[in-house]
Amino acid sequence: MTAEAEALDPAGPPSPPRRFHPAWLVAAVAFVALLAAAGFRAAPGALMVPLNEEFGWSTSVMSLAVSVNLLLYGLTAPFAAALMDRFGIRQVVAAALTLVALGAGGSVLMTASWQLLVFWGLLIGLGTGSMALVFAATIAQRWFVRRRGLVMGVLTAGSATGQLIFLPPVAVVAESVGWREASLLVAVAALAAVPVVWIVLRDHPEDRGVLPFGADPATYAAPARATGNAARRALDGLVFASRHRSFWALAIAFAICGATTNGLIGIHFIPSAHDHGMPTTTAAGLLAVVGVFDIAGTVASGWLTDKYDPRKLLVLYYGFRGVGLLLLPWLLAETVHPSMVLFIVVYGLDWVATVPPTAALCREIFGDRGTIVFGWVFAAHQIGAALAALGAGVIRDAFGEYTYAWWGGAALCAIAAVLSIAVRRPHRTAAG
């Protein structure tokens, strides 16, 4: 065993290989935490109608609060990655889940629209942003050498699917009991995950006396622990990445990804379906089905990312998404037709399939800074989502329908496909 491997454990060499590697338990708890944190992201689409009925708040006003949430969700991510490096994963994740619970629980006290900015925007935006997909990337990067793409796909599915799995119960509770009770449901889910995170999560494999899953004991050397100011590290990562054209191509394409998922479909599909006479609970159920197929699509995308050129996968994903958005205005109706089911299946498989190849390209191109750079790319994702959430609300108020919003999203997907294939990969490839 090399000196580097022995250095992993000050008390001696790592314990012998185990039948069940603790990396998988860490990944499972990370999946649960991402699932719980995603609960609120399901809420706005289901709560906008009852809030409008009770308070008379316009779609634009509520979309503004959601846009603040999405924006903070993204801009917090790179700083959260640096904080995890500096202070520890479980500390940051436990605090993030608590913020989500405070925001969702506190929102039941709202009486004025500006309070949406505090509870939905500030508190929940900071909480969800402190985890987001940089949390998934951090777990995959630290705990796995082999199967990184697959793990990133599974954790991404946890984040995205949690949002969609929560939709039916939130919609049912909001419609049959009240929107306040639906908000409390989200708060309880977030709080329930905190003790599990605190007990199980650890920052590095050496904290468990093991190497990362798939690491070669003869060659593996533990990376240096982060020190210094976390905010400076995050900003230095942005400065470093901004000098590379590939960063801008990835960031703009991922902004379009956010616009066409969280921003458009995630927030405005239910109100748009309601405009066409479809019951809110039916539309929420369709988005939940998106979540079911998202699991398969994102895990498969992670597996494919380990084997094929990530750029070509991104072109395929954005192309399918653009066609779906182009056709959506003709698919919405009072009842669910086979063509709508086909749209839901395709969009589900494609929902966040873009994440594993995008994270892999960040890791390949930017090396040890890949996680923080991915945080900034993800920030662009949420900026796109925020702009689309607000823009679609304005379009709905101005034209009385969402058609131009769906067509605009389709055009953006074509741009994202071109940008993705233009990314320059390094000659070396990432391990795993």
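Visitor: Is F55 buried, exposed or partly exposed, and what is its relative accessibility?

Guide: Happy to start there, with the reminder that this is a predicted model. F55 has a relative accessibility of 24%. Buried means under 20% and exposed means over 50%, so F55 counts as partly exposed.

Visitor: How are aromatic pairs read, and how many does the structure hold?

Guide: A pair of aromatic rings is described by the distance of the centres and the angle of the planes. In this model there are 14 aromatic pairs. One of them joins F55 and W179: the ring centres lie 6.2 Å apart and the planes stand at 70°, so this pair is edge-to-face.

Visitor: Which parts of the chain does the pair of F55 and W179 tie together?

Guide: F55 belongs to helix α3 (residues 39-55) and W179 to helix α10 (residues 179-200), so the contact links parts 124 residues apart in sequence. W179 is buried, at a relative accessible area of 4%, while F55 is partly exposed.

Visitor: What is the geometry of the pair F240 and F366?

Guide: The centres of these two rings are 6.1 Å apart and the planes make an angle of 75°, so the pair is edge-to-face. F240 sits in helix α11 (residues 230-242) and F366 in helix α16 (residues 355-366), so parts 126 residues apart in sequence are tied together. F240 counts as partly exposed at 23% relative accessibility, whereas F366 is buried at 5%.

Visitor: Let's turn to helices. How far does α12 reach from its first C-alpha to its last?

Guide: An α-helix has 3.6 residues a turn, so residues three or four places apart point the same way. Helix α12 (residues 245-275) has 31 residues and reaches 42 Å, close to the 45 Å expected at 1.5 Å a residue.

Visitor: Where does α12 bend, and is the helix mostly covered or uncovered?

Guide: The bend, of about 55°, is at H268, and the proline P271 follows within four residues. After α12 comes G277, with a positive phi near 95°.

Visitor: Which residues make the nonpolar surface patch?

Guide: V323, L326, L327, W330, F399, Y404 and W407 make this patch of about 780 Å². Helices α14 (310-331) and α18 (403-421) each supply at least two of the patch residues, and α14 gives the largest share, four residues. V323 lies in α14 and is partly exposed at 49% relative accessibility.

Visitor: Which residues form the aromatic cluster?

Guide: W330, F399, Y404 and W407 form one aromatic cluster, and these four residues are also among those that make the nonpolar patch.

Technical notes:
Residues numbered from 1 in each chain as written. Predicted model: local features only at pLDDT ≥ 70, side-chain atom pairs only at ≥ 80, totals over all residues. Heavy atoms only, no water. Patch = residues over 30% accessible without salt bridge, like charges linked within 9 Å, V, L, I, M, F, W, Y side chains within 5 Å. Areas by Shrake-Rupley, 256 points an atom, 1.4 Å probe, with all protein chains shown as cover. Salt bridge = Lys/Arg side-chain N within 4 Å of Asp/Glu carboxyl O. Buried < 20%, exposed > 50% of the residue type's maximum accessible area, 1.4 Å probe, protein only. Expected span 1.5 Å × (residues − 1). Bend = angle between axes of the 7 residues up to and from the residue. Phe/Tyr/Trp six-rings, centres within 6.5 Å; stacked < 30°, edge-to-face > 60°.
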